Amino acid sequence: MKINSIAETALSQMLSAGFDEVQVTASITEQDELNIAHNEASLLRSTEDYSLSLLGIVDGRKATTAVTDLESDAVAESIKQLYERAQLAPQDDANRVSADQTGHFEQGPLQCDLSLLTAKVKELLEYRQNETPLMNIDEGGGSHARSQEVLLTSRGSRITSDIGCYEMMVMGTATEGDQSSSFNYTGGTTNHLSGTHAAELFGIGTLLEETQRQIHTRSFEDKFQGSIILAPTAVMDLLDWLLGQIGDGALISNSSLFADQVGNVIASPELSIRSRFDGPGRAAYTADGFVAPPLGLVQAGKLTTLTPSYYGSRKTGINHRPCASGWMIDPGETALADMISDIKKGAMVNRLSMGSPGPNGDFSGVIKNSFMIENGQLTDALSETMIAGNMAVMLRDISRISSEHLDLGSQDFPWLTIDNLHFS
Amino acid sequence: MNTLKTPAGVDYSEARQHEVRKTRMVMMDGNLTANTQTVEGGSSARVLNNGYWGFASIPAVDNASTEKVAKKAKENAEAMGGFGARNKLEIPSDSYQGEHGFNGKPPMGQKECVDLLAELNSLCEKKYPELRSSIFMFQEESHAKRYATSNGSLGLNSIHRATCYLFLIAEDQHGQPVELMQAISGKGNLNDLNLTLSGLEAELEELHGHLQAKRFAVPARGGEQAVVISPELAGMLAHEAMGHPCEADLVLGGAVTGNLVGKPVASELITMVDFAHSYRGEELMIPVYADDEGTESRDVVMIDSGIMKDFMTSRETAAKLGIASSGNARAYGFNDEPLVRMRNTAILPGTSKLEDMIAGIEDGYYLMKTGNGQADSTTEFMFGIDLAYEIKNGKLGNAVSDTTVSGTAINMLKTVDAVSDDMYWECNGYCGKKQPMVVSTGGPAIRGRVHLGGQ
C-alpha cells in the first residue's frame, strides 16, 4: 500500500474536480493485540486498516469524507459525491486549509516483536497468579501498533509520520467469596517494552494490589467538606474539562469560562501543564494540518493560550495555537506520604465516575477504587461515596503536588491535593 | 460482497463482511462546523482451535482478502499455543440462516438537511434571542453484516439508526453558562424520524422552557432521596445498573450477579429484559435476529418480577457458564471481534400513572434527563443528571442544578414502589466496552430511593 501516491493522486483529482482548496490524509495502521480474558491468554488479533480522509472547500463551502475502499473508481466516486455535498453547504469564510506546514515524525518500534509481547503478557499473568490471586483480569493484554500517515493540502502543507508503540492494559475486579470490588483499570503506551517487568509498567502491579484491598469497603457516615488527593489515573478528568473549555466547541458557542483569561491566573501557582505531543504513540501535528510545537499551557497557574483549531481561530478571531494530544503536569516537591499525612478527613481518589461537568464547571461524581484518609492515614476502601464541587474552583484549590508521578506514555501526571470538596 | 468462506481444519470458525456508513452534520450558531460522511468496510475471520482464538481483518472484501484474513486468523490461533497446551473448548453448535434488511424511507438529501438545520438556527435566533448558543446535530449510522460460521450459520444483519440532537445554551442568573440537550432517535435514516420544522419547533419550545427553569436552578441536597425516575432515565438504569453486570463475561469476571440467580434483587414490580429484535410484535430500534457468531438471538429475561434469572452470552461464555447461548455476541466494526453486548434493554412497564407517582412524594426529586452513565461489577451505577425538578408536597418545584445520581442497583431496585404504564425507547449514543456499540434502551417511570450528589 503506497499511501504517498494514493494521497497525491487524490489531491490532484480533487483539484481537478473543481475544489478551491483541499486536504488529503492517507493512513495505514497495522496492529497485533494479545488479549487476556478471565486470567488467561485468549486471542491474538491482527488488523490491517487503511483510510483516506478528504476535505474539500469550494467557494467557501466545506465537506469531508473518509473511506476505506481505496480502489481508484471508489475514490473517484467519493470525490464526486464530496463535491456535490460541499456545493450545498453554507458559505463560511473561516473555511481554509493549512499552508506551508512541513514535517516528518517518526518514533518507536516499527515492527512488532510478538515473542516480546507474549513474554510480557505471560509476566503479567504470572504476577497476578502469584502476587494478587484475588484479582481477576477480565480484559487486558498487550499490543503493538504501527501507523503511517501522509497529510497534504493544496496550499503546500506536507506532513508525514511513521509511529510505532507498544501498549499494555488491564481491567478487572477482585473477588473473595461472594464479595467483589468495583472494576478497575489502567494502561499506557511505551516505546520500550523490554527491560521493565509488566507489573511495573503504568502502575499495573499497584492497581492489581490496590484492587484486592477494595473488596471490602466502608462509607463515610456523614456529609462533610474535605480534601482529596486526585491520583494520576483521575487527573485526566480535570484536564479534559479544561481542554474542552479552551477548544473550539466552547469558544465558538461563547460558553467558555476562560475565553478572556489568557495571561491570567486560573489555577494554583503550584500547577504547570505542558504538552507531551511527542509521547509514545503520538506525533506532534494536528488533524487540520499544523505542526504543533511544544506548549506550556498553564505556567505557575497562568493560562498562556487558548487552543482553537485553524477554523475556530478564523471564526472567533482568537489567535491560532496548534494543539496536538498528550499532556504532562510538572511534579511538585511534596512526598505523597506527606500529602496524605496532611489530611485529617478526606479521600485518595483513583477514579471519578461522573457525568460531564456543567458548562459552569459544577460537577458531582462517585469516587471509585478510592480509599478513606482519616487522621493522616490511608484506611479503608470507599463505596457509595460522592463528591461535589466545581472544576474551575478545583484548579485553584490545588494545594499540594507530589514529587512522585505516574508515566502512562502520552500522559504523565503527579498526585494533586485539592481542598474544599463536598462529600456525601 | 464476495462469497464468505470460513477457515477450515479448526474447531470452529467464522467469517464476516461488514460495512458501516455514517453521516454527521453539526450547525453551531449558523456555522456548519461538521459536514461529513464516512464509509468503512472490510472482511474479518475468527478461529477457535485447541482452546485459543485467532482473529484477523482487512478493509477489503475481494476473494484474495478474505482468504488472507482466514489464513492469518488460523495462524494467530496456532501462535497462541505459545501460552501452553490447552484442552479443546466445546462451544454451543446451534446455527441460524436468514437475511434481515431494513426497508425505510428514502434518505433525506443533503440540501434538505442543510436547509432544515439553517431553519432551526433562524427559528432560535428569532424566538430565543437571549440564548448564548444553539447547536443542532444530525447523525445517521448503518451497519450491514454478512456472516458465515463453520457450523452452518449464514446470513445478513442490518442496523440503521438516526439521531437529531438539539442543544441550547443560555446564561443563568449569575451570568454562567447553562445548557440542555434533547435527542430524537429512532430506527432508519433521518427521514424515518419524520423531522419537520413544526415538530422540532415544539421540541425546542419544551426544551427552552426547561432551560429557562434551569437558569434559576437550586442545588440538589446530597444524600439518599426519594425520586421519580423518568422513562428516559429508566432505560439508562436498565442498561447500566443491571444490564452490564448481567453480561456473561462480567459474570465470569466476578460480577456480584453471578451469585444471585434465583434470588430477589429488585421489587416484585421490576421485570427487566434484553430484547433480541421485537417487543409486543413490533421490531425494535436495534434488531438483532442472529448475532455475529451466527447464533439465533433470543430475549434474555434478566430480572423476572424481582428475581434474578438469566445472563446474556456468547458461545464461549455460555459454554463456560453451562447455559444456552443468547445471541449477544456483537462486533462494532469489521476489524472488531464479537463481544457480549446488549441489544434493546428495558424495564417493562407497570400499572401506575406518572402524575400519581409524583403526587405520592412529599419531599424528593423528579429526575428527567441524563447525559451519560457508568456501570460496575458490583451493580453500583452512576448517571449524570442534566435536568431534574424538586418535588414538594406532590408537586414539581424548582429546577435542580446538574447533579449525579448513584446507587447499588440490587439495593435501589428493591426500593421501587411504583412503575408507570408508559414506555419510552431511544437509541442515541454508544455503549462503551473495549469497542463502542449501538444499543437501544427502554423503560417506564419508576419511583424509589437513590443517592444524589450535592452539598
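Q: What joins strand E2 (residues 40-58) of chain A to strand E3 (residues 52-58) of chain B, and in which sense do they run?
A: In this predicted model, 5 bridges join the two strands, which run parallel. Strands (E) are DSSP runs of at least two residues, numbered from the N terminus. Two of them pair if DSSP finds at least two bridges between them, so the 5 bridges here qualify. A:Thr47, for instance, stands opposite B:Ser57 in E3(B).

A word on reading the names and values: residues are numbered from 1 along each chain as its sequence is written, while chains are lettered from A and ligands numbered from 1 in the order in which they are written. Local features need pLDDT of at least 70, side-chain atom pairs count only at pLDDT 80 or more, totals for chains, interfaces and linings use all residues, and side-chain values use heavy atoms, with hydrogens and water left out.

Q: Why is the link between A:Arg45 and B:Glu337 called a salt bridge?
A: The term asks for a side-chain nitrogen of Lys or Arg within 4 Å of a carboxyl oxygen of Asp or Glu. The N to O distance here is 3.5 Å, so the pair meets the rule. Across the interface of chain B and chain A, the rule finds 7 salt bridges.

Q: Which element gives the largest share of the side of chain B that touches chain A?
A: Strand E2 (residues 31-49) of chain B does, with 10 residues. With contact meaning heavy atoms within 4.5 Å, chain B brings 79 residues to the contact and chain A brings 69.

Q: What makes A:Phe220 and A:Phe423 an edge-to-face pair?
A: Rings of Phe, Tyr and Trp (its six-membered ring) pair if their centres lie within 6.5 Å; planes under 30 degrees apart count as stacked, over 60 as edge-to-face and the rest as tilted. These two rings are 5.7 Å apart centre to centre, with 85° between the planes, so both conditions hold. A:Phe220 lies in the loop between strand E9 (217-218) and strand E10 (224-230) of chain A and A:Phe423 in strand E22 (residues 411-423) of chain A, so the pair ties together parts 203 residues apart in sequence.

Key
Helices (H or I, at least four residues) and strands (E, at least two) are DSSP runs, numbered from the N terminus.
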